[in-house]
Amino acid sequence: MKQAKNYKFWFATGSQDLYGDECLAKVAEHSKIIVNRLNESGVLPYEVVWKPTMITNEVIRRTFNEANADEECAGVITWMHTFSPAKSWILGLQEFRKPLLHLHTQFNEEIPYDTIDMDFMNENQSAHGDREFGHIVTRMGIERKIIVGHWNDRAVQEKIASWMRTAVGIMESSHIRVMRIADNMRNVAVTEGDKVEAQIKFGWEIDAYPVNEIAQAVQAVSQSDTNALVDEYYDKYQILLEGRDEAEFRRHVAVQAQIELGFERFLEEKNYQAIVTHFGDLGALTQLPGLAIQRLMEKGYGFGAEGDWKTAALVRLMKIMTQNTPNAKGTSFMEDYTYNLVPGKEGILEAHMLEVCPTIADGPISIKVNPLSMGDREDPARLVFTAKEGPGIAASLVDLGNRFRLIVNAVDCKKTEKPMPKLPVATAFWTPQPNLATGAEAWILAGGAHHTAFTYDLTSEQLADWGAAMGIETVIIDNDTTIRNLKNELRWNSVYYR
Ligand code: MN
């Protein structure tokens, strides 16, 4: 997988020189202990770096500017151990351009009832100092995350870990480059959008290449490289001939192996991390990329079908945000296909013509070769499996003409009641929260697409925080959604986001 940088987060403790050197020494000692314990916890996906106590205008401004300039710094975590007059923070905050976390904690977990005196109170007053700091950040209208609780509490550490992934998504968004080897499918509205605005808002670079340039890269892949990859497929996956001739089947699989290698080399050479295809615009490619795209998604590339560059970039963003997640369950391009409307068993069958990422697979993965009902090419090989159970989120980014809206639905993935032996594609099955009727009505009211970026490994909150950092509207549909409130939210947002 194409990895993001080895990011770090700076820990900046606020204080002032009013309380004397002894107090400041304690402040520094405490914040060093917190940083060390956070790093030792094993909970955080990225390292925290201790910084000298922020006591003056000059130190604060310099630290934030150093954070801006340090390519490995993905954000700053602030905490006011004592009181820290917030006017001292204005200049630094004005110049700071990276994600900000306000960790509202304090060194001691419990009030030391028997020994507490005024010296202790002055030294440990984040309930006081963090309110002063929070006020100025609010007054300045700066997006930040606030996490409240004791720093050694695992739940608090998990919240910090979650925010770190969002912060890395914010930092890496501007490095996402999507290669379009096909335009948007004719007459389709929801997959269209303003590519210039996407670059301004998200930093995404969306570029077109003639499909035959990448087809040449595919043709340039040697027979021996192709055969070696086919052998790897045959080792790794179950082969379901389903009556097809064995040699013919293998030839079809080899076409996908050659596409995988050719596409990956072309993307690598030109520095793109996501790609879109279109079944109606394949040039010299002899099959619609199926198995090949599934494998590239597994390696961390973003993908969107039918020219859908917004979803391709969103899938790549999710791949970055979930990178190295312990026990990750997977992230994929997805499409809402067909419903089960039986009362008590409602859900949406999710799939695509071919392109579902095997990271979401539960159990064995098979290769099938089957005709496509659309397009005019050879029967493509594809990986077939069913997806894991459990909660996930499906996200859609739409262009409303004057602005973008991100729609996120929390969904509960399940097994279908029965197997579907005649369906030659990978599938997931989920019930949108709060239920199919309200979830689907809310999704349609918000203008959500049929294509989504889906993951088990992020939360709606993480995507909403990313959206806030990008300055766009995020609509969350989950167990708290009611249609009456959602309609009002959309009305109010239409005034706020102009
Ligand atoms: Mn589609």
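Is Leu349 buried or exposed, and what is its relative accessible area? In this predicted model, Leu349 has a relative accessible area of 12%, and because buried means under 20%, Leu349 is buried. The legends below take up this residue and several other sites in turn.

View 1. Leu349 belongs to strand E12, where it is buried at a relative accessible area of 12%. Setting aside residues up to four places away in sequence, Leu349 touches Glu335, Asp336, Tyr337 and Thr338, and it also touches Thr416, Met420, Leu423, Thr427, Ala428 and Phe429. From C-alpha to C-alpha, Leu349 is 35 Å from Tyr496 in space, while 147 residues separate the two in sequence.

View 2. Glu335 and His352 are both buried.

View 3. Of the 8 residues of helix H11, 7 are buried, so the helix is largely enclosed by the rest of the structure. The buried residues in H11 are Leu291, Ala292, Ile293, Gln294, Arg295, Leu296 and Met297. Just after H11 comes Gly300, which takes a positive phi of about 115°.

**View 4. Gln294 within helix H11.** Gln294 is found in helix H11, and it counts as buried because its relative accessibility is 0%. When neighbours within four places in sequence are left aside, the contacts of Gln294 are with Leu354, Glu355, Val356, Cys357 and Pro358, with Arg382, Leu383 and Phe385, and with Ala426.

**View 5. The packing of helix H10 against helix H11.** Helix H10 (residues 246-270) packs with helix H11 (residues 291-298) at an angle of about 45°, and their axes are 8 Å apart. That angle makes H10 oblique to H11, and H10 passes H11 in a right-handed crossing. On the side of H10 the contact is made by Gln256, Ile259, Glu260, Phe263, Glu264 and Leu267, and on the side of H11 by Leu291, Ala292, Ile293, Arg295 and Leu296. By class, the residues of this contact divide into 7 nonpolar, 1 polar and 3 charged.

**View 6. Gln256 within helix H10.** Gln256 lies in helix H10 and is buried, with a relative accessible area of 0%. Not counting residues up to four places away in sequence, Gln256 touches Tyr233, then Gln287, Leu288, Pro289, Gly290, Leu291 and Ala292, and also Pro380 and Ala381. Two of these, Leu291 and Ala292, take part in the contact of H10 with H11.

**View 7. The packing of helix H9 against helix H11.** Helix H9 (residues 223-236) and H11 pack at an angle of about 80°, with their axes 14 Å apart. This angle makes H9 roughly perpendicular to H11. Where the helices meet, H9 contributes Leu229, Glu232, Tyr233 and Lys236, while H11 contributes Leu291, Arg295 and Glu298. The contact of H9 with H11 has 3 nonpolar, no polar and 4 charged residues.

**View 8. Backbone details in two loops.** In the loop between helix H12 (309-321) and strand E11 lies Asn324, whose phi is near 60°, a positive value in a residue other than glycine. Asn324 is exposed, with a relative accessible area of 60%. Asn327 is placed in the loop between H12 and E11, and it has a positive phi of about 55° although it is not a glycine. With a relative accessibility of 73%, Asn327 counts as exposed. In the loop between strand E17 (428-432) and helix H13 (436-446) lies Pro434, and a cis peptide bond, with omega about 0°, joins Gln433 and Pro434.

Conventions
Residues are numbered from 1 along each chain as its sequence is written. This is a predicted model: local features need pLDDT of at least 70, side-chain atom pairs count only at pLDDT 80 or more; totals for chains, interfaces and linings use all residues. Side-chain values use heavy atoms; hydrogens and water are left out. Axes are lines fitted to C-alpha atoms, for helices over the stretch in contact, and angles run from 0 to 180 degrees between N-to-C directions. Helices (H or I, at least four residues) and strands (E, at least two) are DSSP runs, numbered from the N terminus. Angles under 35 degrees count as roughly parallel, over 145 as roughly antiparallel, 65 to 115 as roughly perpendicular and the rest as oblique. A crossing is left-handed if the near helix is turned anticlockwise from the far one by less than a right angle, and right-handed if clockwise. Contact means heavy atoms within 4.5 Å. Ala, Val, Leu, Ile, Met, Phe, Trp, Tyr, Cys and Pro count as nonpolar, Asp, Glu, Lys and Arg as charged, and the others, Gly among them, as polar. Buried means under 20% relative accessible area, exposed over 50%, partly exposed in between (1.4 Å probe, protein chains only).
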